[in-house]
Amino acid sequence: MKLAMAWVSLPLAVLLDFLTLRLALLLCPPLQAWDPLALAWGVALARWALLSLSAQAACGRGQGLPGGLRDALLPLAALLSLLLPSYVTLQALAQPRASPSELLHGWGRGDVFGLTYGVAGLVAVLWHQLFPAGKGDPRPSASLGRLLACMRPDLLRFVAIAGFLVLSSLGESGGPWLRARGGKAPCPVPCPPEPASPCPGARSDRNQLCVYTLDGSLWNRSRIRPPLPPLTLPRCPRPGDITSRVTADTDAVSEALSEKLNLLMWYGMRGVFLFGLMVQGSLRLALFTAVGLPLVLLVPKLSGKFHQSLAQRVQESLAKANEVAVETFQAMATVRSFANEEGAARRYGLRLQETYRLNKQEAAAYAASMWTNSLSGLALKVGILYYGGRLVTAGAVSTGDLVTFVLYEMQFTTAMEVLLSVYPSVQKAVGSSEKIFEYMERTPQISPHGTLAPPSLRGHLQVQDVWFSYPGRDDAPVLKGVSLELRPGEVTALVGPSGAGKTSLVALLERFYEPQRGRLLLDGRDLREYEHHYLHSKVALVSQKPVLFARSLHENIAYGLGGRSRQEVMGAARRANAHGFIARLSHGYDTDVGEMGGQISGGQRQGVAIARALLRDPRVLILDDATSALDTESQLWVEKEIYEGARAGRAVLLIAHRLSAVEQADRILVLEEGEIREQGTHQELLARRGSYWRLAQKQLNGDAGGGSDGGLGAGGP
Ligand SMILES: Nc1ncnc2c1ncn2[C@@H]1O[C@H](COP(=O)(O)OP(=O)(O)OP(=O)(O)O)[C@@H](O)[C@H]1O
């Protein structure tokens, strides 16, 4: 109903507007004594008031009106009312002899009225297309302005460049002006554009400064390098996607803008000056050019839209192809062991074919976009020549003024052409930047804003009635009301079959995820309150599959701790029983471990990872099946270290499949299907003959849930 009212009130307002105009025309003869210009402006203000009120009323009622239309109504009201008197005033100024009443003559005619509305509507559509409203735009600020904002640190330099541009444009634009007055022009013919290269040889001295400044340092891709992904692991973009954004997309944006931005700035500035001179030469012709210009700009905007969306799809498809390549190279050994090289290549080939298909479409769209750009520019040129010729014939413009105007207009059109040819590239950059900004604007689900960093920490960890399910799997809780406690000075063991939820619990303790219910407390304070770096220096994790980085062993052990001395690193390695193998390497601690630590064995990787955790001297140490690949000697050594650390006041959570590794723990918790089923010491649990006992039985029979040796110590059943 409201919507219908709005749609009715709009035509009503148009009708009223027409009647106002007719009334003004009727009143013209009785008001002969009035200055026609004053009359025109008076009528215009009355129309403005009427249309604005109607627009307000329509917006107020019609919540259902399209957002773009609602935003456009008020500016349209101003445009419709002020367009004609402005034009008439300009004409009166340009031709003082013409009678304003003559100029006003056609006002109330139905066709002129309709034309005015048509042109105003077209301008509104153009405006909406060229400068879409920011508010309510669901896209993450995909605009050139947003990209330019990245250059804020270089604002001063930017201002200096703008100053040089002004001077340079002034100098260049003075040519025809000098020629028209018999002076010597610096350039005998209007200089052709240089869209291909920003600095092709000697003729480009004028903008070399800009090129240097923009290419060299002002546009620095590091400004838009996406940050590392927030710790919302499952919803993170996939690695291939991130890689594509960090490399391909930022490169595309950087290259397009560093190459094209200086052209945009140079020709933009030049266009402004030339247009000013054109207005000075012939207002009518300049207005004609101004009317034709939005049409010329709209065509590339519309054709560029399609091209932009295709460019985005190409980037996405490239990211998918990247993902396959990265995944395959990372798991090369697995691919080889299953002799699936052809399969992997085929998969990559399919993805690349998709990219190629989109690339071809993009190339066609680019060509179409360039073609339409050129055609629209040409149409404007022909129109101006035709209209200029008619004005000369009618004697409205002198031949000298026309010559000057045409010279300016040719340069102006050239500048516009260059701008239009550069526009698709900038659009492509904006398309790529959309993806980057979308990624950068992701808000981490795990708040990193804790500030608590007490000077001393006991390391008392409590898990209270925690419920957790992975994002997107709300109906399958992995932890169901888990409660446990890690006390300083104690080793708490957590055992259970595969998939019971042990690693998921560790992920919560490390704050990779937030539980849906329940609390995680460290020394009585919520984990969320702790400062990120502090928390991870006090709570150290050695995970099931420790990841090493492609750098030296020293750097891997001291990872995240800044400069640590060789002595400290060696001390930690000794405690993890890793020093022996490291010392035997020809480069010792300086040995590079290769990508993902691939150049050392699995057991050695675990040793290094344990050393890395021990170097932090954490108050809480979490070992998630972290010794499974160690040899027996190393295992015993590390176990000794773990228990010694606990006796010294550390809280230890020991997760293991091999029950022999947890026999000595102060407390053993059995986790099954996300619930703590039993807890007690090894002896107590065996005596209870429950879940733990069954696990032990399975291991004895060699049917361990992921365990390897299944050994039970002296206390076994
Ligand atoms: N990132 C994830 N997204 C969704 N579900 C997951 C994810 N990681 C684990 N799961 C699921 O959560 C459940 C518990 O997995 P979890 O890794 O915690 O088990 P676990 O007890 O550590 O097993 P294991 O002893 O084999 O390491 C499993 O059913 C698993 O499929």
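## Starting at Asp617

With 15 C-beta neighbours inside 10 Å, Asp617 counts as partly exposed. That label comes from a simple count: a residue is buried if 20 or more other C-beta atoms lie within 10 Å of its own, exposed if 12 or fewer, and partly exposed in between, with C-beta atoms placed from the backbone. You'll find Asp617 in the loop between helix 19 and strand 7. Its phi is near 45 degrees, a positive value in a residue other than glycine. Most residues other than glycine have a negative phi.

Before going on, keep in mind that this is a predicted model: local features need pLDDT of at least 70, side-chain atom pairs count only at pLDDT 80 or more, and totals for chains, interfaces and linings use all residues. Residues are numbered from 1 along each chain as its sequence is written.

## The chain as a whole

How many helices and strands does the chain have? There are 22 helices and 10 strands. Helices (H or I, at least four residues) and strands (E, at least two) are DSSP runs, numbered from the N terminus. Of the 717 residues in the chain, 34% are buried.

Now for contacts, where two residues count if their C-beta atoms, placed from the backbone, lie within 7 Å. Among contacts between residues at least 6 apart in sequence, 78% join residues at least 24 apart.

Helix 12 takes in residues 341-394, which is 54 residues. From its first C-alpha to its last it reaches 78 Å, close to the 80 Å expected at 1.5 Å a residue. That expected span is 1.5 Å times one less than the number of residues in the helix. Gly395 follows helix 12, and its phi is positive, near 75 degrees.

Strand 7 (residues 620-624) pairs with strand 8 in the parallel sense over five bridges, and Ile622 has Leu653 as its bridge partner. Strand 3 (residues 491-495) also pairs with strand 8 in the parallel sense, over four bridges; here Ala493 stands opposite Leu654.

Strand 7, helix 20 (residues 632-647) and strand 8 make a right-handed β-α-β unit. Right-handed means that, with the strands pointing away from the viewer, the path from the first strand over the helix to the second runs clockwise. In the loop between strand 7 and helix 20 sits Asp625. Asp625 is buried, with 23 other C-beta atoms within 10 Å, and its phi is positive too, near 50 degrees.

Strand 9 (residues 667-672) is mostly covered, with five of its six residues buried. Strand 3 turns up again here: it pairs with strand 9 in the parallel sense over four bridges, and Leu494 has Leu669 as its bridge partner.

Strand 9 is also joined by five bridges to strand 10 (residues 675-680), and these two run antiparallel. Ile668 stands opposite Gly680 in that pairing. The two strands form a hairpin with two residues between them, and Glu673 in the turn has a positive phi of about 50 degrees.

Elsewhere, four strands form an open sheet in the order 2-1-4-5, with antiparallel pairing. Its edge strands are strand 2 (479-486) and strand 5 (525-526), each pairing on one side only. Five bridges join strand 1 (residues 461-468) to strand 4 (residues 517-522), and Trp467 stands opposite Arg517 in strand 4.

## Around the ligand

Which residues come nearest to the ligand? Of the 14 residues around it, they are Tyr470, Ser498, Lys502, Thr503 and Ser504. To be near, a residue needs its C-beta atom, placed from the backbone, within 6 Å. By class, the shell has four nonpolar, eight polar and two charged residues. Ala, Val, Leu, Ile, Met, Phe, Trp, Tyr, Cys and Pro count as nonpolar, Asp, Glu, Lys and Arg as charged, and the others, Gly among them, as polar.

Note on methods: Pairing = 2+ DSSP bridges.
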